[in-house]
Amino acid sequence: MACDRSHSRLIQMGTLDDKSMHEFEEENLFSPQTSAHKTNSLHATQHGSPSGGSQVSNVKFSRNSVCSSLKIVIFSNKLNLLLPFGPLAVLVHSFSGHQGWVFFLCLLGITPLAERLGYATEQLAFFTGPTVGGLLNATFGNATELIISIHALQIGMIRVVQQSLLGSILSNMLLVLGCAFFSGGIVYHKKEQLFNKGTAIVNSGLLLMAVMGLLFPAVLHFTHTEVHFGKSELSLSRFSSCVMLIAYVAYLVFQLKTQNDLYAPITEEGSQSDDNSDDDEAPEISKWESIIWLSILTAWISFLSDYLVDAIQGASVAWKMPVAFISVILLPIVGNAAEHASAIMFAMKDKLDISLGVAIGSSTQISMFGIPFCVVVGWMMGRPMDLNFQLFETATLFITVLVVAFLLQEGTANYFKGLMLILCYLIVAASFFVHVDPVSVEDKHLKRL
């Protein structure tokens, strides 16, 4: 019996050894090194060298990557149907020279580019982290307005720069935020939507600081109390611009580094929540693809902006519209098209903190970064760009900031507040439609052209 048991154990051990040997052979046969060796030998027999197959596969991979990137960035958005209007504007300018049509086609052509520029910035922010991502949003979030402003500065159209930046602030604070509140209030009409009051208060303070920076040069000019006439106003504007840029950098550090817990979203019960697990997203394109698309889109927007700025005066004559209305109302619609759509979408999903960040955050970027940046760039170009936006424009901005600050102080939103903001924007639009700059101001800037 003992012999039989030992014999059976030997048989079992032999069976296990056979199985292990068989599995070991299978692992060797199908290991990555063996399969790679077989693949290389197969390519070597087919192409004569081991590197030939890898080169072909790399070419196929790069082609697939380019096709996938084009499909995601260009063909996945219906707004990109407006892209052909950009080249069409160049053709109309070359063959007919009708400035009204050139301006209109440039507006249509730049609109999808502005939206895709924001998309590429969001994709790149996945790889950079929150701090650099915030700086990227500050730089590229309003890149369309800044590019148009720089082109206008180059040819001396300072009033167009001032009014287009002012219009971007007004559009974001009244039209974009108003449509977001109105849409969200209609969807959630049985309750009041909540948002973080801390964010609203800080942004309102920054906007009031921007109003202060614009108000003092205007008051200095219209009271004729300058120490050196024509120079003190410009010097004050440049000094205030540098201070505003420092304040904006400090705001970014405060928001992204020091007190980022104050900017957590508000839940329905009114408490702050950091749980964003449901909203985790993955990048759709790689880091280098995002950088390449940012470069391409920025270059194309810069190219079309040249035609757009050149056609403003002609469009004003052809359409019988004041340049102020075109600069304050029409131009900002192009740069804010993507922000308008995204703010409404997030409000309808009951994510008002994001909508507030899109609308009020963009206004803060323009007022505390965009305007001072253009003053500094004009300083380097030798252009007398200042913060004197004239009395009518400065008063409009001051009243707008007060109205929005009062509506945001409760931390709640509904469709009636949104309707009030939209109606306020209609009043502003009608005011600029009948507003013409003083003759002395127009003559002063036309001489610089």
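A search of the whole structure finds four salt bridges, a salt bridge being a side-chain nitrogen of Lys or Arg within 4 Å of a carboxyl oxygen of Asp or Glu. Side chains of opposite charge can pair when their charged atoms come close. The model is predicted, so local features need pLDDT of at least 70 and side-chain atom pairs count only at pLDDT 80 or more, while totals for chains, interfaces and linings use all residues. Residues are numbered from 1 along each chain as its sequence is written, and side-chain values use heavy atoms, with hydrogens and water left out.

One of the salt bridges joins the side chains of Arg 116 and Glu 115, with an N to O distance of 2.7 Å. Relative accessible area was computed with a 1.4 Å probe on protein chains only; residues under 20% are termed buried, those over 50% exposed, and those in between partly exposed. Arg 116 is buried, at 7%, and Glu 115 is also counted as buried, at 17%.

A salt bridge is also found between Glu 393 and Arg 159, whose closest N and O atoms are 2.8 Å apart. Glu 393 belongs to helix α15 (residues 391–408) and Arg 159 to helix α7 (residues 158–187), so this pair ties together parts that are 234 residues apart in sequence. Helices (H or I, at least four residues) and strands (E, at least two) are DSSP runs, numbered from the N terminus. Both Glu 393 and Arg 159 are buried.

Lys 191 and Asp 350 form a further salt bridge, the closest N and O atoms lying 2.9 Å apart. Lys 191 is in the loop between α7 and β1 (193–194), and Asp 350 is in the loop between α13 (337–348) and α14 (352–381), so the pair ties together parts that are 159 residues apart in sequence. Lys 191 is partly exposed, with 27% relative accessibility; Asp 350 is partly exposed at 28%.

Asp 350 also takes part in a polar contact with Gln 193, side chain to side chain, at 3.0 Å. A polar contact is a pair of N or O atoms within 3.5 Å; within protein, one must be able to donate a hydrogen and the other to accept it, and residues adjacent in sequence count only if both atoms are side-chain atoms. Gln 193 lies in strand β1 and is buried, at 0% relative accessibility. A polar atom of the Gln 193 side chain lies 3.1 Å from the backbone oxygen of Ala 347. Leaving aside residues up to four places away in sequence, the residues touched by Gln 193 include Gly 184, Tyr 188, Leu 352 and Thr 412, where contact means heavy atoms within 4.5 Å.
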